[in-house]
Amino acid sequence: MTTHLALLRGINVSGHNMIKMEALKTTLEAIGFQNVQTYIQSGNVFVDTEEENPAAVGFKIKQEIFKAFGHEVPIVVIGKADLEACFKNNPFLKEKDFDIKKLYVAFVSKVLQSDSINDLRISQFKPDEASIDANRIYIKYAVGAGKTRFDQKYVEKKLNVTATIRNWNTVTQLLKMYEER
């Protein structure tokens, strides 16, 4: 069995794409996923399956969500190593006096090249900062996630990927849950 973490984007936000986590859990169990566990209402779902390919897992979950709830939900599926790499490679954690409330990670659907940061044209969004590491973009917002144009939609458009962003507290909790499984 392989444990996957599916990060659903855009559910239960401002009354849109509403999916109760208990209903999602039941739906995913009904199609064969085991040990389904959700974390908060924003769509973080652990599943165990014989399927090792994260993209195949994401596709199956996406199809079932559309079938059961009628929502087209972008999904990025990651493994425990992805979360561990967040802690190892996040350059903003090495800064003195960083504000954890301003740290975020954008998980993207494919491995990015280091020159992708130029494609993002991050200089347009100063004083926000970003750093790319494989399929993660570490973000440090100067003011906050709600007051920037450097968001998931911008990342998706510029890099032609599916992306979903989690705050650092959520990333920390998800790794803890992975370790407890």
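Let us start with helix 6 (residues 168-180), which lies across strand 1, strand 2, strand 3 and strand 4 and runs at about 160° to strand 2. Keep in mind as you look around that this is a predicted model.

The four strands form an open sheet in the order 2-3-1-4, and their pairing is antiparallel. At the edges you will find strand 2 (34-39) and strand 4, each of which pairs on one side only. Neighbouring strands of this sheet are turned against each other by 20° on average, with direction ignored. Helix 2 packs on the sheet too, where it touches strand 1 (2-8), strand 3 and strand 4. The direction of helix 2 makes about 140° with that of strand 4.

For a closer look, turn to strand 2 and strand 3 (residues 44-49): the two run antiparallel and are joined by four bridges. Here threonine 38 stands opposite valine 45 in strand 3.

Now for the second largest pocket, which holds about 310 Å³ of space. It is lined by 17 residues, and those closest to its centre are Ala55, Ile75, Val76, Val77 and Ser109. Helix 2 (54-69) and strand 4 (75-78) are the elements that give two or more residues to this lining. Helix 2 provides the largest share, five residues.

| Lining residues of the second largest pocket | Count |
|---|---|
| Nonpolar | 10 residues |
| Polar | four residues |

Notes:
Residues are numbered from 1 along each chain as its sequence is written. This is a predicted model: local features need pLDDT of at least 70, side-chain atom pairs count only at pLDDT 80 or more; totals for chains, interfaces and linings use all residues. Side-chain values use heavy atoms; hydrogens and water are left out. On a 1 Å grid over the protein atoms alone, a cavity is a set of points where a 1.4 Å probe fits but cannot get out, and a pocket is an open set with protein on both sides within 12 Å along at least five of seven lines; lining residues have an atom within 4 Å of a point. Grid points are joined across faces, edges and corners, and a volume is the space filled by probe spheres set on the points. Ala, Val, Leu, Ile, Met, Phe, Trp, Tyr, Cys and Pro count as nonpolar, Asp, Glu, Lys and Arg as charged, and the others, Gly among them, as polar. Two strands pair if DSSP finds at least two bridges between them. Axes are lines fitted to C-alpha atoms, for helices over the stretch in contact, and angles run from 0 to 180 degrees between N-to-C directions. Contact means heavy atoms within 4.5 Å.
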